[in-house]
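Please read them with the structure open.

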Amino acid sequence: MFLRFIGLSFLVPGVVSPSLPRAWAVPAGYGDFVAGILAIIATTALANAAAWAIGAVWIFNVWGAADLLFALYNGARIRLEPGSLGAGFYIITAIVPPLLVSHALIFGVLIRAGP
């Protein structure tokens, strides 16, 4: 849930290189921020057994997975240089793969649970 806020560091000068294209950093950073907010909403709804909890999880999971896949696509499209990520390189290499796996697992649970 809280790992998604780390993506905001793509917007922090000094953490990333000034050469990091804003066309990549802004959607990646704010997309992660929105995913983090949606994760908190979904987790709170599940913890409180709200009637709309499963819908919130679907919204979070679709947004979160799409955000990660768009960042990968957008990085390839604009030919993102790895050196421009600065310390943010560790987000891409150490955090994104487990996030992709967790989104796939959540989709599996949601689909198996059915309507």
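1. Is Asn61 buried or exposed? Asn61 has 0% relative accessibility and therefore counts as buried (buried means under 20% relative accessible area, exposed over 50%, partly exposed in between, with a 1.4 Å probe and protein chains only). Asn61 is found in helix H2. Leaving aside neighbours within four places in sequence, Asn61 is in contact with His103, Ile106 and Phe107 (contact means heavy atoms within 4.5 Å).

2. On the basis of these values: the model is predicted, so local features need pLDDT of at least 70 and side-chain atom pairs count only at pLDDT 80 or more, while totals for chains, interfaces and linings use all residues. Residues are numbered from 1 along each chain as its sequence is written, and side-chain values use heavy atoms, with hydrogens and water left out.

3. Overall layout. The protein has three helices and zero strands, and from the N terminus on its elements run α-α-α. Helices (H or I, at least four residues) and strands (E, at least two) are DSSP runs, numbered from the N terminus. Along its principal axes the C-alpha trace spans about 45 × 20 × 20 Å. Buried residues make up 35% of the 115 residues. Among contacts between residues at least 6 apart in sequence, 75% join residues at least 24 apart. The protein exposes about 6700 Å², and carbon and sulfur atoms supply 75% of it (Shrake-Rupley method, 1.4 Å probe; for residues, only the protein chains shown count as cover).

4. Helix H2. The 25 residues of H2 should span 36 Å at 1.5 Å a residue, and the end C-alpha atoms are 35 Å apart, which agrees. The expected span is 1.5 Å times one less than the number of residues. Buried positions in H2 include Ala53, Gly64, Ala65, Asp67, Leu68, Asn74 and Gly75. What covers the buried residues of H2 includes H1 and H3. Arg79 follows H2 and has a positive phi, near 55 degrees.

5. Helix H3. For H3 (residues 89–113), 25 residues at 1.5 Å each should span 36 Å, and the end C-alpha atoms are 36 Å apart, which agrees. The buried residues of H3 are Ile91, Ile95, Val96, Leu99, His103 and Leu110. Helix H2 (53–77) is included in what covers them. An α-helix has 3.6 residues a turn, so residues three or four places apart point the same way. Gly114 follows H3, with a positive phi near 70 degrees.

6. Pro98. This residue is also placed in helix H3. Pro98 is partly exposed, with a relative accessible area of 45%. The C-alpha atoms of Pro98 and Gly83 are separated by 22 Å, and the two residues are 15 apart along the chain.

7. Nonpolar cores. Which residues make up the largest nonpolar core? It has 10 residues: Phe10, Val16, Leu20, Trp24, Ala25, Ala28, Ala71, Leu80, Leu85 and Ile91. H1 gives the most to this core, with three residues. Ala71 touches Trp24 and Ala28, not counting residues up to four places away in sequence. A second, separate core of seven residues includes Ala39, Ala56, Val57 and Phe60. A nonpolar core is a set of buried Ala, Val, Leu, Ile, Met, Phe, Trp, Tyr and Cys residues joined through side-chain atoms within 4.5 Å.

8. Aromatic pairs. The structure holds five aromatic pairs. One of them, Phe5 with Phe33, is edge-to-face, at 5.8 Å centre to centre and 70 degrees between the planes. This pair links distant parts of the chain, with Phe5 in the segment before helix H1 (22–47) and Phe33 in helix H1, 28 residues apart. Phe5 is partly exposed at 23% relative accessible area, and Phe33 is partly exposed at 33%. The rings of Trp58 and Phe107 have centres 5.9 Å apart and planes at 55 degrees, so that pair is tilted. Trp58 in helix H2 and Phe107 in helix H3 are 49 residues apart, so this pair too links distant parts of the chain. Trp58 is partly exposed, at 32%, and Phe107 is partly exposed, at 24%. Rings of Phe, Tyr and Trp (its six-membered ring) pair if their centres lie within 6.5 Å; planes under 30 degrees apart count as stacked, over 60 as edge-to-face and the rest as tilted.
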